[in-house]
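This report describes one protein for a reader who has not seen it before. Please look over the sequence and the structure first.

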Amino acid sequence: MQFNQTDFIPILMQLGFAAGFVTITILISGLLGPKRSSENKDKNFECGVSEQIGNARSPFNVKYFLIAILFVLFDVEVIFMYPWAVNFVEMGWEGFAKMGIFMFVIVVGLLYEYKRRGLEWDK
């Protein structure tokens, strides 16, 4: 299939409209928005606490990051499963076997995390 330069005009128009909308929205909100600054507003604020507690470099619990990595892992799994599900009939038994192996590896990883208590928050 051959592409002409004119085939890309709708894509370029959509990118231009999206970039223009973002730029104009940021500029207008910066021009029209309130500009009241005070010492209290300029303080650090995180998680509902304005006073700093401890040091950011001190030891911390990495459970949150482990859960985030697991979420990304299973999110990528779903991304790989969607094209397989769409082309299930065309791929036949070979595609079914390959997806079975893929799912087996993912389930083994999940069982390993469960056995190592990586999904428990209370510890």
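A residue is called buried when its relative accessible area is under 20%, exposed when it is over 50%, and partly exposed in between. The structure shown is a predicted model. With those cut-offs, Phe102 counts as partly exposed because its relative accessibility is 26%.

**Overall make-up**

The protein has three helices and zero strands. Along the sequence this gives the pattern α-α-α. Of the 123 residues in the protein, 7% are buried. The accessible surface amounts to about 11,700 Å², and carbon and sulfur atoms account for 68% of that surface. Among contacts between residues at least 6 apart in sequence, 56% join residues that are at least 24 apart.

Leu12 counts as exposed, because its relative accessibility is 56% and the cut-off for exposed is over 50%. Leu12 also belongs to a nonpolar surface patch of about 730 Å², which is made by Met1, Phe3, Phe8, Ile11, Leu12 and Leu15.

**Helix H2**

Helix H2 runs over residues 63–86 and holds 24 residues. At 1.5 Å a residue, H2 should span 34 Å, and its end C-alpha atoms are 35 Å apart, so the two values agree. Which residues of H2 are buried? They are Lys63, Leu70, Glu77 and Trp84. Helix H3 is included in what covers these buried residues of H2.

Ala85 is also found in helix H2. Ala85 has a relative accessible area of 48% and is therefore partly exposed. From Ala85 to Met99 the distance is 14 residues in sequence and 9.8 Å in space, taken from C-alpha to C-alpha.

**Aromatic pairs**

A pair of aromatic rings is described by the distance of the centres and the angle of the planes. How many aromatic pairs does a search of the whole structure find? The search finds five aromatic pairs, including the two in the table.

| Pair | Centre to centre | Angle between planes | Type |
|---|---|---|---|
| Phe80 and Phe102 | 5.8 Å | 90° | edge-to-face |
| Trp84 and Phe88 | 5.3 Å | 80° | edge-to-face |

Phe80 lies in helix H2 and Phe102 in helix H3, so their pair ties together parts that are 22 residues apart in sequence. In the other pair of the table, Trp84 counts as buried because its relative accessibility is 17%. Phe88 has a relative accessible area of 37% and is therefore partly exposed. Trp84 and Phe88 belong to one aromatic cluster together with Trp93 and Phe96.

Side chains of opposite charge can pair when their charged atoms come close. One salt bridge is found in a search of the whole structure. Glu94 forms this salt bridge with Lys98, and the closest N and O atoms are 3.1 Å apart. Why are Glu94 and Lys98 separated by about one helical turn? The reason is that they are four residues apart in helix H3, which covers residues 88–115. Are Glu94 and Lys98 buried or exposed? Both of these residues are exposed.

Methods: Residues numbered from 1 in each chain as written. Predicted model: local features only at pLDDT ≥ 70, side-chain atom pairs only at ≥ 80, totals over all residues. Heavy atoms only, no water. Salt bridge = Lys/Arg side-chain N within 4 Å of Asp/Glu carboxyl O. Helix = DSSP H or I, 4+ residues; strand = E, 2+ residues; numbered from the N terminus. Buried < 20%, exposed > 50% of the residue type's maximum accessible area, 1.4 Å probe, protein only. Expected span 1.5 Å × (residues − 1). Contact = heavy atoms within 4.5 Å. Patch = residues over 30% accessible without salt bridge, like charges linked within 9 Å, V, L, I, M, F, W, Y side chains within 5 Å. Areas by Shrake-Rupley, 256 points an atom, 1.4 Å probe, with all protein chains shown as cover. Phe/Tyr/Trp six-rings, centres within 6.5 Å; stacked < 30°, edge-to-face > 60°.
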